[in-house]
Amino acid sequence: MNTPTLSELEAQATKAKSAFGADAHIVCDNLVRIYKTEGVEVVALQGLDLLIQKGELIAVVGASGSGKSTLLNVLSGLDVPTAGLARVAGMDLLAMTAKDRLRYRREVVGFIWQQTARNLLPYLSARENVELPMKLAGKARKDRAAQLLELLGVGYCAARKPAEMSGGEQQRVAIAVALSNSPQLVLADEPTGELDSETSEEVFEALRRANRELGVTVVIVTHDALVSEQVDRTVGIRDGRTSSETLRRAGAEGEIIAEEYAVLDRVGRLQLPRDFMNALHLERRVRLELESDHIGVWPAREEPSDEH
Ligand code: ADP
Ligand code: MG
């Protein structure tokens, strides 16, 4: 047998890599992000796997500190992960040149921050705010700003400055800003974190409309678990890893059924819900039994403790 040439090996490696969610719009494969500050290491993402298809509307939920913002910063091209694979629309976010990264951030992805003040320039009107990213990219389109504001239900705010709008109106204008260069992907980090529930609902509706009418993929980060009622799929993050998914579907009578799943990674690891573990006092090790159509998980048999 011939020894494979270097280029054949390379081709094989690329093929093996692309096997995991090759056609997905967003691929995170074993994503790791370690922050080092003054000698202390914080592992914000510890081998996170996530696939998102084009045109999906998903929510990422998790407690504070679980790694949600870190994930969004990676996907937005603001931050570079320590290891793993992150690919959006076929672009490798770890291997990008500075020039490609700039283009990616201007044209491929749109971002909405929690802090309303961070999304809009205070001295520009809503329309001017929406026009600004188009001008920076050198492709101003005359009526696009007005159309986007109209689509998101804030057409009447076009001439107003941020100080003359409510928090919810500002966030909906911020969505228009994020959409101005026709991105493929919109990321929102706790976009309703500073809003009351009624106003939040309007902002979610605006994101849903952007997703539906423009076909843009939308990823919303939130610590509000109730958001799962507003989106197709909810991905739960715990300790820097995806741990659960809730899928929403219509039942036989048109009712909405939400089903929660645990996420199984490629080597077979899964995370048990904390309340299940507490209910049965599961810790350190469990007994597994394979049945014909499920796997049983039992607390380990009582053994003399070796720790005390
Ligand atoms: P979330 O958005 O879910 O609240 P983050 O992604 O902001 O979580 O943070 C995940 C973990 O990483 C936390 O422990 C946080 O303290 C840490 N972290 C986030 N950003 C930094 C940073 N720039 N430097 C050091 N540690 C950070
Ligand atoms: Mg955060």
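Helix H2, spanning residues 68-75, is largely enclosed by the rest of the structure, because seven of its eight residues are buried. In this predicted model, the buried residues of H2 are Lys-68, Thr-70, Leu-71, Leu-72, Asn-73, Val-74 and Leu-75. Just past the end of H2, Gly-77 adopts a positive phi of about 85°.

The largest nonpolar core contains 37 residues, and Val-130 and Val-173 have the most contacts inside it. At least two residues of this core come from each of strand E3 (57-61), helix H5 (126-136), helix H6 (144-151), H7, E7, helix H8 (197-214) and strand E8 (217-222). H7 gives the largest share, seven residues. If you set aside neighbours within four places in sequence, Val-173 is in contact with Leu-120, Ala-126, Val-130, Leu-149, Val-154 and Met-165. In soluble globular proteins, nonpolar side chains tend to be buried together.

Now follow the chain to the loop between helix H7 (167-179) and strand E7 (185-189), where you will find Pro-183. Is Pro-183 buried or exposed? Its relative accessibility is 10%, so Pro-183 counts as buried. Not counting residues up to four places away in sequence, Pro-183 touches Glu-107, Val-108, Val-109, Gly-110, Ala-178 and Val-216.

Terms used: Residues numbered from 1 in each chain as written. Chains lettered and ligands numbered in written order. Predicted model: local features only at pLDDT ≥ 70, side-chain atom pairs only at ≥ 80, totals over all residues. Heavy atoms only, no water. Buried < 20%, exposed > 50% of the residue type's maximum accessible area, 1.4 Å probe, protein only. Helix = DSSP H or I, 4+ residues; strand = E, 2+ residues; numbered from the N terminus. Contact = heavy atoms within 4.5 Å. Core = buried A, V, L, I, M, F, W, Y, C linked by side-chain atoms within 4.5 Å.
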